[in-house]
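Hello,

Here is the structure you were waiting for. Please open it first, then read my notes below.

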Amino acid sequence: MTIQQAQEAAPAEGARTTSRPAGRRSKGWTRTQSVLRGVVLGIGAVAFLFPFYYMVIGSLQKKPNQTLSGLIPDPSNLTLDNFGAVNSRISLLSGLLNSGLFTGGVLLCTLVFGVLVGYALAVLEWRGRGVTFAIVLLVQVIPFQLLQIPLYVLVARNYGLADNVLGMILPFAINSTAVILFRQYFLQVPRELFEAARIDGARELRLLWSVAIPLVRPALVTGVLLTFIGPWNEFLWPFLITKQADRQPLAVSLANYITSVASSTANPFGAVTAGALVLAVPVVVLFIVFQRYFVSSDLGSGVKG
Amino acid sequence: MHHPRRARSIGAAVVAAALAVGLSACGQGGAANPSLTSKGPITIWYSNNEQEVAWGKQMVAAWNRDHPDEKVTAQEIPAGRTSESVISAAITAGNAPCLVLNTAPFAAGQFEKQGGLVDLSKFPDGNSYIEGRSGDLAKQYRSSVDGDYYQLPWKSNPVVIFYNKKVFAKAGIDTKDPGLGTYAGFLAAARKVVKTGAAKVAIQPAPTSEFFQMDTDFYPLYVAASGGTPLVQDGKATFNDKTGDEVANFWRTLYREGLSSPEQYQGDAFADGYAAMAIVGPWAVSYYKDVDWGAVTVPTPNGTPADEIHTFSDAKNIGMYTACQHKGTAWDVLKFATSEDQDAKFLDTTGQMPIRPDLASTYRDYFAKHPQYELFGSLATRTVEVPAGPNTVQEMQTFRNAWTSSVIFGGKDPAQALDDAAATIDTLEQQP
Amino acid sequence: MTAVTTPAAPTPVEQIDRRNPNDRLRHRILGRNPLGLLFSAPYLVFVVAVFASPVIYAVWIAFHDFFFAAPGADVSYPFVGFANFVYAFSNAQVIQSFGNVGVFLLINVPLTVVLSLLLAAALNRVIHLRVFLRISFYVPYITASVALVGVWLFLFGGDGLVNNLLGPLAPNPSWLVNQSLAMPVIAVYVTWKQLGFYILLYLAALQNVPRELYEQASTDGAGAVRQFWSVTVPGVRPATLLVLLVSTVTGANLFTEPYLLTGGGPNGASNTPVYLMYQLGVEQGLPDVASAIGIVLVIGVLIIAWLQNRFAGGRD
């Protein structure tokens with residue numbers, strides 16, 4: 001399987017020790033080249049950040065100004081009313097709360113059950129381990145499309161979880177990428193630590209809790225960040241499963257707002273960007289705060305298996 | 001939200017699948033059919049627009065006052081892209097309410113096929129009550145499968161053309177008699193509006209391809225031009241004829257000459273003065289308070305007089321859903337909510353037209369007091385619906401696809417596009 | 001597809017098994033730590049409930065005349081063979097939607113591979129502003145499409161900023177209502193949105209390219225461009241394969257963007273199979289046809305993934 005090959009071809013071992021940029025080589029690089037690099041990266045950064053700037057500007061405009069002059073904040077055209085306008089049609093607070101419940105449930109399940117299975121795959125030896133790991137990898141590759149309709153019938157009817165936060169959580173409950181990440185980290189914990197503790201008579205759960213987990217704390221943070229993005233931003237599934245407005249996560253109610261309500265407000269541009277900002281800010285802040293844990297090699301080893 | 005995260009293991013899945021199919025099969029078994037007379041508390045949904053909510057609360061309070069043992073719990077219909085997909089999902093999940101006072105006629109056939117709707121004709125006074133209230137107007141709401149009523153025809157929103165008087169004045173068009181009755185007159189006015197720059201476009205129905213968008217461009221004009229012929233009649237599409245072609249060519253001219261835009265407007269085109277005209281129902285009277293508007297009936301090739309013209313009803317009906325435990329109470333509430341007295345309150349609160357043949361005489365006082373509703377009141381007796389069959393939504397989508405590609409985006413010749421759509425619809429009509 | 005090999009397992013240390021024969025028997029059947037199965041049980045149940053059973057159910061639905069029915073309704077779902085597939089693929093819209101996704105992939109996948117590798121290689125060598133640059137590249141990836149689409153909608157609207165910037169050069173009809181531009185705009189949007197993730201993958205892969213190779217190439221007189229082609233590109237090939245795979249699967253999943261940006265229009269030019277599955281399955285009450293489309297789509301994706309694995313994954 002491809003992911004497996006990737007892992008074998010590029011072992012994650014020592015990844016972080018080499019993650020510093022290679023200063024020594026820089027004498028081979030001419031000044032032009034580093035200027036060029038700066039330009040490429042600069043253009044990249046502007047292209048990536050500009051829509052966010054535009055989101056902030058738009059959400060604060062009293063009267064929509066979509067011309068070039070609208071890019072510069074005009075003190076006479078600033079207002080916070082747009083947030084009020086969105087909030088009057090969709091409850092931002094309950095949307096955020098539902099998104100929080102949805103995401104929190106997924107995080108909890110992934111941390112508890114994901115760590116358990118990750119530990120079992122890395123440290124324990126049992127029949128079915130190979131098959132289980134194969135399943136975890138397959139989960140990565142197969143798309144969601146085929147599942148949406150039968151899953152709806154199963155969850156809404158057979159499990160009776162329509163308009164229920166559990167129904168929202170269920171398909172996302174255990175993030176398989178996080179499982180692979182946890183497994184990868186547990187594999188890097190020296191085996192002797194476990195054997196020594198076992199000889200001391202420690203039970204497996206205790207071993208996991210007091211020996212293994214403290215050692216892989218960075219993986220847990222990365223796992224949280226990685227898992228957080230999924231449910232917080234997910235649209236299609238909660239959109240299908242929740243019909244009651246007061247049960248919908250913010251991504252869904254905001255999408256409904258964009259497609260059906262925004263056009264009837266006085267300043268649709270302001271209202272849409274204001275809603276977008278409320279949805280975007282929590283995850284961006286979370287990311288900036290924790291980004292130092294989100295080291296590329298972590299995720300790299302995660303997706304490479 | 002995009003990286004792959006799904007999978008299955010075929011091996012392990014076989015057991016689970018057997019389980020899943022088994023479970024769903026169990027779900028279908030043994031149709032529970034509690035009698036139609038059971039009484040007790042029920043739940044209803046009504047539309048989420050402000051006026052209807054106000055009326056609904058009043059109606060429920062009035063009922064609950066006199067029926068402490070059969071309390072009605074009401075809520076707004078849950079938000080979704082369309083009410084119909086919400087209801088369909090609720091039917092599937094088995095948690096639909098007893099009554100939905102916002103059941104779209106075009107979806108009723110599908111709900112019926114899903115086993116979601118109660119056959120109202122099975123109530124002893126079912127047919128007599130419905131036809132007693134709505135007369136011949138009711139007949140077009142019968143099921144195309146067995147001729148029974150699976151929906152109670154409730155209220156219509158006969159559509160007309162609103163025009164912005166200020167824009168018309170700026171374009172040099174007579175605001176009292178704008179001459180919009182014929183296609184030629186309409187096009188002449190539209191050209192004036194755009195040429196003088198009084199508004200960016202003349203009229204701007206949504207150019208998108210949702211199936212129901214035909215209600216705001218093709219269908220009202222077709223119903224009017226054909227003297228009240230519905231989209232489908234006796235299991236055959238009707239529009240692939242001269243009348244349909246004329247309507248299509250009329251709209252194609254508007255799009256081709258830039259009098260309408262194939263680009264969707266972000267915002268309310270009529271309220272913002274982007275479009276000079278709009279196709280609207282009586283709801284628009286209170287909605288466009290800030291616009292100085294005039295109203296005329298939709299154009300026809302030769303200018304059908306206002307007191308003869310038919311129009312699209314844009315009706316919303318009341319459906320009773322099979323998940324209901326106390327159908328006896330639901331039926332009583334249904335009759336209570338559509339009584340002459342409640343209909344009067346409904347008309348007064350919402351301005352929408354209860355489906356009653358003698359509307360103008362029954363509520364003479366109302367129309368005397370609210371002359372801006374008079375045109376709608378007179379049209380309400382000559383409304384035409386999209387007939388409810390099991391595949392109506394598919395048929396409307398078929399039509400809409402042909403329409404957008406040919407008329408809006410100038411693809412295939414309209415006559416050819418309508419012929420093709422009609423052929424597909426004819427086959428859909430043959431399917432259960 | 002090659003069989004999945006079990007990762008190098010820790011060598012079992014034969015010291016616990018000495019205690020009694022019962023233990024030994026148990027170990028032979030369940031492995032040395034049967035607790036592993038218990039620990040994995042929640043995950044396995046999850047996979048069965050959420051992935052395995054829906055897939056089989058979907059296949060069953062696709063071969064039957066299935067529709068959503070009320071619980072307890074007296075309905076039957078007769079077996080119809082390939083009728084749903086025939087119905088789906090005799091519809092011009094369905095064919096068109098697959099073509100649209102093809103267009104999408106042709107733009108999105110190469111653009112993604114090239115841009116993410118270039119930016120990752122540049123980012124890997126930069127010293128100043130590293131954190132800032134990293135954050136700015138990742139931010140679109142971590143932000144909800146729903147939020148970003150709202151902004152793009154206005155950027156590329158008829159009277160939007162982009163058209164204001166272009167002035168007379170603005171396309172007519174405008175971007176999102178232009179039948180030949182709508183899908184490319186969506187493809188560029190998705191590339192932009194997802195790029196951070198792929199940059200991350202490449203950055204990880206770049207750490208594993210042995211530094212000696214660069215030094216060797218440098219002594220051989222290879223310039224920066226030569227080094228990039230002869231060391232970096234082959235060095236990150238496993239990552240490239242992964243990027244190809246993930247972006248293909250993601251692209252085939254395309255739903256939210258056309259749903260919100262264009263509504264599948266104009267005139268079906270940005271319709272996608274998944275969006276059609278939603279329209280047919282949920283709005284028009286044809287889950288059986290939708291499932292048939294889904295099965296064809298998944299098979300198509302698997303074939304493309306296999307081809308990529310075969311030709312780009314290659315030699316090892």
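Where in chain C is C:Asn267 placed? C:Asn267 sits in the loop that links α12 (256-261) and α13 (273-283) of chain C. Bear in mind that this is a predicted model.

Two backbone points first. C:Asn267 is not a glycine, yet its phi is positive, about 55 degrees. C:Asn267 has 23 C-beta neighbours inside 10 Å, and 20 or more count as buried, so C:Asn267 is buried.

B:Asp234 also has a positive phi, near 50 degrees, and is a residue other than glycine. B:Asp234 lies in the loop between β7 (232-233) and β8 (236-237) of chain B.

Next, a helix pair in chain C. Helix α9 (residues 211-219) and helix α10 (residues 224-235) of chain C have axes that come within 10 Å and cross at roughly 160 degrees. The crossing of α9(C) past α10(C) is right-handed.

The contact itself: α9(C) brings C:Leu213, C:Tyr214 and C:Ala217. From α10(C) come C:Arg226, C:Gln227, C:Ser230, C:Val231 and C:Gly235. By type, these contact residues are 4 nonpolar, 3 polar and 1 charged.

Last, the annotation. An unreviewed UniProt entry lists residues 98-308 of chain C as "domain: ABC transmembrane type-1". In the model, that span is 76% helix and 0% strand. The C-alpha atoms at the ends of residues 98-308 of chain C are 19 Å apart.

Best wishes

Key. Residues numbered from 1 in each chain as written. Chains lettered and ligands numbered in written order. Predicted model: local features only at pLDDT ≥ 70, side-chain atom pairs only at ≥ 80, totals over all residues. Axes fitted to C-alpha atoms, helices over the stretch in contact; angles between N-to-C directions. Helix = DSSP H or I, 4+ residues; strand = E, 2+ residues; numbered from the N terminus. Left-handed = near helix turned anticlockwise from the far one by under 90°. Contact = placed C-beta atoms within 7 Å. Nonpolar A, V, L, I, M, F, W, Y, C, P; charged D, E, K, R; others polar. UniProt positions renumbered as here; feature names shortened; annotations may be inferred. Buried ≥ 20, exposed ≤ 12 C-beta atoms within 10 Å, placed from the backbone.
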